[in-house]
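Please keep the sequence and the structure in view while reading.

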Amino acid sequence: MDWREFFYIRKSDRSVLIVLLVMAVASLTLVFVVRDPSPEASAPYGDTPWNGQTAGGRGRGQTGSRPPYYQVEGRRYELFPFDPNTADSTQFLRLGLQPWQVRTIYRYRAAGGVYRKPTDFARLYGLTVKQYRQLEPYIRIGEDYRPASEVYGYSRETYRDGREGDHSYPATDVGGAGMASTGADRTASLHYTPKLRPTERVALNTADTTLLMRVPGIGSYYARRIVWYRERLGGYCHIDQLDEIEGFPPDAKHYFSLSDENIRKLNFNTMTLSQLRVHPYMGFYRAKDVIDYRRLRGPIHGWDDLRLLRSFPPDIIKRLAPYVEF
(Lines give C-alpha, C1' and ligand atoms only; values in the text may rest on other atoms or scores of the structure.)
Protein backbone atom coordinates (compact mmCIF):
# COMPACT_ATOMS: atom_id res chain seq x y z
CA MET A 1 0.00 0.00 0.00
CA ASP A 2 1.44 3.33 -1.04
CA TRP A 3 1.93 5.84 1.82
CA ARG A 4 0.33 8.57 -0.31
CA GLU A 5 -2.87 6.66 -0.25
CA PHE A 6 -2.84 6.73 3.59
CA PHE A 7 -2.78 10.59 3.63
CA TYR A 8 -5.14 11.01 0.72
CA ILE A 9 -8.15 13.23 1.48
CA ARG A 10 -11.04 13.77 -0.77
CA LYS A 11 -11.63 17.22 -2.21
CA SER A 12 -14.83 17.84 -0.18
CA ASP A 13 -13.09 16.86 3.06
CA ARG A 14 -10.16 19.17 2.27
CA SER A 15 -12.52 22.13 2.03
CA VAL A 16 -13.94 21.42 5.48
CA LEU A 17 -10.50 21.10 7.07
CA ILE A 18 -9.33 24.35 5.48
CA VAL A 19 -12.34 26.22 6.93
CA LEU A 20 -11.73 24.78 10.42
CA LEU A 21 -8.06 25.75 10.30
CA VAL A 22 -8.90 29.29 9.27
CA MET A 23 -11.38 29.63 12.14
CA ALA A 24 -8.86 28.28 14.65
CA VAL A 25 -6.16 30.68 13.51
CA ALA A 26 -8.55 33.60 13.65
CA SER A 27 -9.63 32.68 17.20
CA LEU A 28 -6.06 32.42 18.45
CA THR A 29 -5.23 35.74 16.84
CA LEU A 30 -8.10 37.46 18.65
CA VAL A 31 -7.06 35.97 22.01
CA PHE A 32 -3.47 37.13 21.79
CA VAL A 33 -4.18 40.51 20.23
CA VAL A 34 -7.08 41.64 22.46
CA ARG A 35 -5.78 40.16 25.71
CA ASP A 36 -4.08 42.69 28.07
CA PRO A 37 -0.84 41.17 29.32
CA SER A 38 -0.44 43.78 32.08
CA PRO A 39 -0.83 42.64 35.75
CA GLU A 40 -3.53 45.23 36.40
CA ALA A 41 -5.83 43.56 33.87
CA SER A 42 -6.06 40.48 36.07
CA ALA A 43 -7.06 42.47 39.18
CA PRO A 44 -10.53 41.73 40.57
CA TYR A 45 -13.37 44.19 40.01
CA GLY A 46 -13.21 47.03 42.46
CA ASP A 47 -9.39 47.09 42.87
CA THR A 48 -9.24 49.84 40.25
CA PRO A 49 -11.79 52.63 40.97
CA TRP A 50 -13.56 54.61 38.32
CA ASN A 51 -11.16 57.51 38.67
CA GLY A 52 -8.19 55.36 37.59
CA GLN A 53 -6.58 54.90 41.03
CA THR A 54 -5.51 51.45 42.20
CA ALA A 55 -6.37 50.00 45.59
CA GLY A 56 -2.88 50.87 46.82
CA GLY A 57 -3.53 54.54 46.13
CA ARG A 58 -1.27 54.97 43.06
CA GLY A 59 -3.23 55.88 39.94
CA ARG A 60 -2.14 54.53 36.62
CA GLY A 61 -3.33 57.77 35.11
CA GLN A 62 -0.92 59.66 37.38
CA THR A 63 2.20 57.89 36.04
CA GLY A 64 1.40 58.87 32.46
CA SER A 65 2.50 55.47 31.18
CA ARG A 66 -0.89 54.31 29.93
CA PRO A 67 -4.62 55.05 30.47
CA PRO A 68 -6.72 52.88 32.83
CA TYR A 69 -8.06 49.65 31.38
CA TYR A 70 -11.65 50.50 32.33
CA GLN A 71 -13.51 53.43 33.79
CA VAL A 72 -16.88 53.11 35.53
CA GLU A 73 -19.03 56.18 35.21
CA GLY A 74 -20.90 56.92 38.50
CA ARG A 75 -22.80 59.69 40.25
CA ARG A 76 -20.56 62.57 41.23
CA TYR A 77 -21.42 64.01 44.67
CA GLU A 78 -20.57 67.45 45.93
CA LEU A 79 -21.21 69.43 49.09
CA PHE A 80 -22.68 72.92 49.00
CA PRO A 81 -24.94 75.06 51.25
CA PHE A 82 -28.61 74.09 51.01
CA ASP A 83 -31.91 74.71 52.77
CA PRO A 84 -33.82 71.43 53.29
CA ASN A 85 -37.09 73.42 53.24
CA THR A 86 -36.57 74.79 49.73
CA ALA A 87 -33.97 72.61 47.97
CA ASP A 88 -35.19 70.71 44.91
CA SER A 89 -34.60 67.10 43.91
CA THR A 90 -31.60 67.94 41.73
CA GLN A 91 -29.78 69.52 44.66
CA PHE A 92 -30.56 66.62 46.99
CA LEU A 93 -29.24 64.13 44.43
CA ARG A 94 -26.07 66.17 43.97
CA LEU A 95 -25.56 65.97 47.73
CA GLY A 96 -25.55 62.18 47.54
CA LEU A 97 -29.07 61.36 48.75
CA GLN A 98 -30.93 58.46 47.22
CA PRO A 99 -34.02 59.06 45.04
CA TRP A 100 -36.29 57.39 47.59
CA GLN A 101 -34.92 59.68 50.31
CA VAL A 102 -35.71 62.69 48.12
CA ARG A 103 -39.28 61.44 47.74
CA THR A 104 -39.52 61.12 51.53
CA ILE A 105 -38.45 64.76 51.93
CA TYR A 106 -41.03 65.90 49.38
CA ARG A 107 -43.82 63.98 51.11
CA TYR A 108 -42.78 65.42 54.49
CA ARG A 109 -42.85 68.98 53.15
CA ALA A 110 -46.14 68.41 51.33
CA ALA A 111 -47.71 67.30 54.63
CA GLY A 112 -46.71 70.60 56.25
CA GLY A 113 -43.44 69.44 57.79
CA VAL A 114 -40.76 72.06 58.37
CA TYR A 115 -37.08 71.69 59.23
CA ARG A 116 -36.59 74.30 61.95
CA LYS A 117 -33.02 73.40 62.93
CA PRO A 118 -30.23 71.38 61.29
CA THR A 119 -30.72 68.42 63.63
CA ASP A 120 -34.26 68.00 62.28
CA PHE A 121 -32.72 66.80 59.01
CA ALA A 122 -31.04 63.93 60.88
CA ARG A 123 -34.47 62.29 61.21
CA LEU A 124 -34.46 61.51 57.47
CA TYR A 125 -34.93 57.77 57.12
CA GLY A 126 -31.83 55.98 55.87
CA LEU A 127 -29.45 58.86 56.59
CA THR A 128 -26.32 57.53 58.32
CA VAL A 129 -24.29 59.29 60.98
CA LYS A 130 -21.39 59.71 58.56
CA GLN A 131 -23.61 61.30 55.93
CA TYR A 132 -25.21 63.68 58.40
CA ARG A 133 -21.84 64.80 59.77
CA GLN A 134 -20.76 65.60 56.23
CA LEU A 135 -23.96 67.51 55.44
CA GLU A 136 -24.45 69.33 58.75
CA PRO A 137 -21.98 72.19 58.11
CA TYR A 138 -23.81 72.98 54.85
CA ILE A 139 -27.39 73.03 56.17
CA ARG A 140 -28.86 76.55 56.14
CA ILE A 141 -32.33 77.11 57.64
CA GLY A 142 -33.98 80.19 56.13
CA GLU A 143 -35.27 82.96 58.37
CA ASP A 144 -38.83 82.32 57.21
CA TYR A 145 -38.75 78.85 58.78
CA ARG A 146 -37.43 79.81 62.22
CA PRO A 147 -39.91 79.63 65.15
CA ALA A 148 -41.71 82.96 65.45
CA SER A 149 -41.17 82.96 69.22
CA GLU A 150 -37.42 83.34 68.66
CA VAL A 151 -37.99 86.57 66.76
CA TYR A 152 -41.12 88.13 68.25
CA GLY A 153 -41.61 86.32 71.58
CA TYR A 154 -40.67 87.36 75.11
CA SER A 155 -37.88 85.58 76.92
CA ARG A 156 -37.87 84.93 80.64
CA GLU A 157 -35.02 87.38 81.14
CA THR A 158 -36.91 90.11 79.26
CA TYR A 159 -39.94 89.52 81.43
CA ARG A 160 -37.92 89.70 84.64
CA ASP A 161 -36.16 92.87 83.52
CA GLY A 162 -39.50 94.48 82.77
CA ARG A 163 -40.96 93.38 86.10
CA GLU A 164 -38.04 94.51 88.24
CA GLY A 165 -39.24 96.82 90.93
CA ASP A 166 -42.92 96.30 90.03
CA HIS A 167 -45.12 95.47 93.04
CA SER A 168 -48.56 96.06 91.55
CA TYR A 169 -50.06 92.74 92.80
CA PRO A 170 -51.98 93.12 96.04
CA ALA A 171 -50.77 91.03 98.98
CA THR A 172 -54.24 89.72 99.76
CA ASP A 173 -56.21 86.54 99.21
CA VAL A 174 -56.83 85.73 95.56
CA GLY A 175 -60.20 84.29 94.58
CA GLY A 176 -61.24 82.22 91.61
CA ALA A 177 -61.50 85.32 89.40
CA GLY A 178 -57.72 85.75 89.53
CA MET A 179 -55.54 88.83 89.78
CA ALA A 180 -55.54 91.87 87.57
CA SER A 181 -52.65 91.91 85.12
CA THR A 182 -51.49 94.15 82.32
CA GLY A 183 -51.50 93.24 78.67
CA ALA A 184 -47.72 92.93 78.66
CA ASP A 185 -47.91 90.44 81.54
CA ARG A 186 -50.40 88.30 79.67
CA THR A 187 -48.14 88.24 76.63
CA ALA A 188 -45.12 87.36 78.74
CA SER A 189 -47.02 84.56 80.44
CA LEU A 190 -46.83 82.64 77.18
CA HIS A 191 -43.25 81.86 78.14
CA TYR A 192 -43.09 82.47 81.88
CA THR A 193 -45.90 82.16 84.42
CA PRO A 194 -45.39 84.67 87.26
CA LYS A 195 -45.55 83.02 90.67
CA LEU A 196 -47.37 84.19 93.80
CA ARG A 197 -45.67 85.95 96.66
CA PRO A 198 -45.60 84.23 100.06
CA THR A 199 -48.45 86.44 101.33
CA GLU A 200 -50.79 85.66 98.42
CA ARG A 201 -53.35 82.86 98.41
CA VAL A 202 -55.45 80.99 95.84
CA ALA A 203 -59.01 79.78 96.45
CA LEU A 204 -58.62 76.02 96.15
CA ASN A 205 -62.23 75.25 95.23
CA THR A 206 -62.69 77.92 92.55
CA ALA A 207 -59.28 78.51 90.93
CA ASP A 208 -58.76 77.30 87.37
CA THR A 209 -55.60 75.70 86.03
CA THR A 210 -54.13 79.00 84.86
CA LEU A 211 -54.33 80.48 88.34
CA LEU A 212 -53.16 77.26 89.99
CA MET A 213 -49.98 77.29 87.88
CA ARG A 214 -49.00 80.55 89.57
CA VAL A 215 -48.51 78.66 92.83
CA PRO A 216 -44.79 77.97 93.42
CA GLY A 217 -44.09 74.31 92.78
CA ILE A 218 -47.25 73.79 90.69
CA GLY A 219 -47.00 73.30 86.94
CA SER A 220 -49.50 72.28 84.33
CA TYR A 221 -49.52 68.63 85.46
CA TYR A 222 -50.40 69.26 89.11
CA ALA A 223 -52.79 72.05 88.16
CA ARG A 224 -54.78 69.57 86.06
CA ARG A 225 -54.61 66.95 88.81
CA ILE A 226 -55.95 69.41 91.41
CA VAL A 227 -58.93 70.29 89.22
CA TRP A 228 -59.57 66.66 88.27
CA TYR A 229 -59.53 65.45 91.90
CA ARG A 230 -61.68 68.41 92.97
CA GLU A 231 -64.37 67.35 90.50
CA ARG A 232 -64.31 63.78 91.76
CA LEU A 233 -64.52 64.83 95.40
CA GLY A 234 -67.13 67.49 94.90
CA GLY A 235 -64.78 70.10 96.33
CA TYR A 236 -62.01 70.12 98.92
CA CYS A 237 -63.02 70.32 102.56
CA HIS A 238 -59.48 70.64 103.96
CA ILE A 239 -56.06 71.48 102.53
CA ASP A 240 -54.49 68.16 103.53
CA GLN A 241 -56.59 66.40 100.91
CA LEU A 242 -54.00 67.60 98.40
CA ASP A 243 -51.67 64.96 99.87
CA GLU A 244 -53.94 62.34 98.30
CA ILE A 245 -52.61 63.45 94.90
CA GLU A 246 -49.54 61.32 94.26
CA GLY A 247 -46.30 63.25 94.51
CA PHE A 248 -47.93 66.57 95.39
CA PRO A 249 -45.33 69.05 96.72
CA PRO A 250 -46.23 69.74 100.38
CA ASP A 251 -44.70 73.25 100.35
CA ALA A 252 -47.34 74.38 97.86
CA LYS A 253 -50.19 73.89 100.37
CA HIS A 254 -49.20 77.14 102.05
CA TYR A 255 -50.58 79.13 99.09
CA PHE A 256 -54.17 77.82 99.21
CA SER A 257 -57.23 79.09 101.04
CA LEU A 258 -60.42 77.11 101.56
CA SER A 259 -64.12 77.58 102.15
CA ASP A 260 -66.96 75.08 102.48
CA GLU A 261 -69.31 76.97 100.20
CA ASN A 262 -68.59 74.92 97.11
CA ILE A 263 -68.84 71.38 98.53
CA ARG A 264 -71.10 69.08 96.49
CA LYS A 265 -73.08 66.69 98.71
CA LEU A 266 -74.00 63.03 98.21
CA ASN A 267 -77.59 62.25 99.14
CA PHE A 268 -77.62 58.68 100.45
CA ASN A 269 -81.39 58.43 100.10
CA THR A 270 -81.84 59.53 96.48
CA MET A 271 -78.65 58.87 94.50
CA THR A 272 -78.20 55.73 92.42
CA LEU A 273 -75.47 53.13 92.68
CA SER A 274 -73.55 54.55 89.70
CA GLN A 275 -73.74 58.07 91.13
CA LEU A 276 -72.47 57.03 94.57
CA ARG A 277 -69.66 54.73 93.46
CA VAL A 278 -67.69 57.40 91.53
CA HIS A 279 -66.80 59.31 94.68
CA PRO A 280 -63.17 58.58 95.73
CA TYR A 281 -64.24 57.70 99.30
CA MET A 282 -67.11 55.39 98.30
CA GLY A 283 -66.39 52.81 95.62
CA PHE A 284 -68.65 50.00 94.45
CA TYR A 285 -69.06 48.00 97.70
CA ARG A 286 -69.94 50.93 99.97
CA ALA A 287 -72.37 52.27 97.36
CA LYS A 288 -73.95 48.82 97.12
CA ASP A 289 -74.32 48.61 100.94
CA VAL A 290 -76.12 51.97 100.92
CA ILE A 291 -78.49 50.82 98.15
CA ASP A 292 -79.14 47.48 99.91
CA TYR A 293 -79.85 49.22 103.23
CA ARG A 294 -82.41 51.50 101.56
CA ARG A 295 -84.02 48.57 99.80
CA LEU A 296 -84.30 46.40 102.93
CA ARG A 297 -84.82 48.95 105.72
CA GLY A 298 -86.01 52.13 104.13
CA PRO A 299 -84.52 55.65 104.24
CA ILE A 300 -81.24 56.30 106.03
CA HIS A 301 -81.62 58.86 108.84
CA GLY A 302 -78.00 59.33 109.86
CA TRP A 303 -74.60 57.76 110.38
CA ASP A 304 -75.89 55.69 113.26
CA ASP A 305 -77.79 53.58 110.74
CA LEU A 306 -74.56 52.71 108.91
CA ARG A 307 -72.10 52.22 111.78
CA LEU A 308 -72.89 48.50 112.04
CA LEU A 309 -71.91 47.90 108.40
CA ARG A 310 -68.36 46.56 107.97
CA SER A 311 -67.77 48.81 104.96
CA PHE A 312 -68.23 51.97 107.06
CA PRO A 313 -65.57 51.99 109.80
CA PRO A 314 -65.10 55.19 111.88
CA ASP A 315 -62.24 56.55 109.75
CA ILE A 316 -64.29 56.24 106.53
CA ILE A 317 -67.28 57.90 108.18
CA LYS A 318 -65.05 60.78 109.27
CA ARG A 319 -63.78 61.30 105.72
CA LEU A 320 -67.24 61.04 104.17
CA ALA A 321 -69.11 63.20 106.73
CA PRO A 322 -68.51 66.56 104.97
CA TYR A 323 -69.81 65.12 101.67
CA VAL A 324 -72.95 63.27 102.77
CA GLU A 325 -76.49 64.39 103.47
CA PHE A 326 -79.54 62.32 104.37
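In this predicted model, Lys288 has a relative accessibility of 37% and therefore counts as partly exposed. Its partner in a salt bridge is Asp292, with the closest N and O atoms 3.0 Å apart. Both residues belong to helix H13 (residues 283–297), and because they are 4 residues apart there, about one helical turn separates them. Side chains of opposite charge can pair when their charged atoms come close.

The chain has 10 salt bridges in total. One of them joins Glu78 and Arg94, whose closest N and O atoms are 3.1 Å apart. This pair links distant parts of the chain, 16 residues apart: Glu78 sits in the loop between helix H3 (60–63) and helix H4 (89–94), while Arg94 is in helix H4. With a relative accessible area of 39%, Glu78 is partly exposed. Arg94 is also partly exposed, at 32%.

Another salt bridge connects Asp120 with Lys117, and here the closest N and O atoms are 3.2 Å apart. How do the two partners stand in terms of burial or exposure? Asp120 has a relative accessibility of 6%, which is under the 20% limit, so Asp120 counts as buried. Lys117, at 44%, counts as partly exposed. The pair is part of a network of salt bridges that links Lys117, Asp120 and Arg123.

Gln101 counts as buried because its relative accessibility is 2%. What does the side chain of Gln101 reach? It comes to 3.2 Å from the backbone oxygen of Tyr125. Leaving aside neighbours within four places in sequence, Gln101 is in contact with Leu124, Tyr125, Gly126 and Leu127.

Of the 326 residues, 29% are buried. The chain exposes about 21900 Å², of which carbon and sulfur atoms supply 55%. Among contacts between residues at least 6 apart in sequence, 54% join residues at least 24 apart.

Conventions
Residues are numbered from 1 along each chain as its sequence is written. This is a predicted model: local features need pLDDT of at least 70, side-chain atom pairs count only at pLDDT 80 or more; totals for chains, interfaces and linings use all residues. Side-chain values use heavy atoms; hydrogens and water are left out. Buried means under 20% relative accessible area, exposed over 50%, partly exposed in between (1.4 Å probe, protein chains only). A polar contact is a pair of N or O atoms within 3.5 Å; within protein, one must be able to donate a hydrogen and the other to accept it, and residues adjacent in sequence count only if both atoms are side-chain atoms. Contact means heavy atoms within 4.5 Å. Accessible areas come from the Shrake-Rupley method with a 1.4 Å probe; for residues, only the protein chains shown count as cover. A salt bridge is a side-chain nitrogen of Lys or Arg within 4 Å of a carboxyl oxygen of Asp or Glu. Helices (H or I, at least four residues) and strands (E, at least two) are DSSP runs, numbered from the N terminus.
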